[in-house]
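Please look through the structure shown here before reading on. The explanation goes from the chain overall to one helix pair and then to one residue.

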Amino acid sequence: MSAPDDSTPDRSTTDSVDGSVSTPITEFPGFARLMARGLTRRCPWCGDRKAYFTGWFARTDRCRRCRHPYRRGDEAFELGATTANIILTFLSILIAILVAVAVTLPDIPTVPIVVIVGVIALAGPAIWYPISFTLWQAVDLFMRRPDADEMAGRSDGRL
Ligand SMILES: [Zn+2]
């Protein structure tokens, strides 16, 4: 009679690199809920308002409440977040131009509009910074659905 093989770690208690286990979820949020959470800077996985941020620009690797990692095993996650940031900033500029033109027609004050757009272009990336992370995580969760292990909180997402 041999002793049970205990060389394989118990996946029900730990699996990720740092040994953290995320809170399991039974119902995966739909697209609208994911986007709403992402656009309001909440964790798309659990909906917590703090998500993984410790400051406007500071963040931890995992949600402070559910411990779900925002990267989900994707080392290039920040590339998507940067793209989301650029899109949000450009949309802000476009909306500002459209509103300014619509409000001031027919005499459009070009210089003030250019100044306002310049301010948005400079401040937008900083203002949208945390939302670009949560929004991109929401998009990532929708496009790359979690498997059963990730839903159960036993592993990070896999590429
Ligand atoms: Zn969370």
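Of the contacts in the protein chain between residues at least 6 apart in sequence, 60% join residues at least 24 apart, two residues being in contact if their C-beta atoms, placed from the backbone, lie within 7 Å. This is a predicted model, in which local features need pLDDT of at least 70, side-chain atom pairs count only at pLDDT 80 or more, and totals for chains, interfaces and linings use all residues. Residues are numbered from 1 along each chain as its sequence is written.

The chain has four helices and zero strands, in the order α-α-α-α from the N terminus. Helices (H or I, at least four residues) and strands (E, at least two) are DSSP runs, numbered from the N terminus. Buried residues (20 or more other C-beta atoms within 10 Å of their own; exposed means 12 or fewer, partly exposed in between; C-beta atoms are placed from the backbone) make up 23% of the 159 residues.

Helix α1 (residues 31-39) and helix α3 (residues 110-143) have axes that come within 7 Å and cross at roughly 165 degrees. Axes are lines fitted to C-alpha atoms, for helices over the stretch in contact, and angles run from 0 to 180 degrees between N-to-C directions. α1 and α3 are therefore roughly antiparallel, the term for angles over 145 degrees. On the α1 side the contact is made by F31, L34, M35, R37, G38 and L39, and on the α3 side by I131, T134, L135, Q137, A138, L141 and F142.

V101 lies in helix α2 (residues 77-104). V101 is partly exposed because 13 other C-beta atoms lie within 10 Å. The C-alpha atoms of V101 and I113 are 8.5 Å apart, with the two residues 12 apart along the chain.

Notes. Angles under 35 degrees count as roughly parallel, over 145 as roughly antiparallel, 65 to 115 as roughly perpendicular and the rest as oblique.
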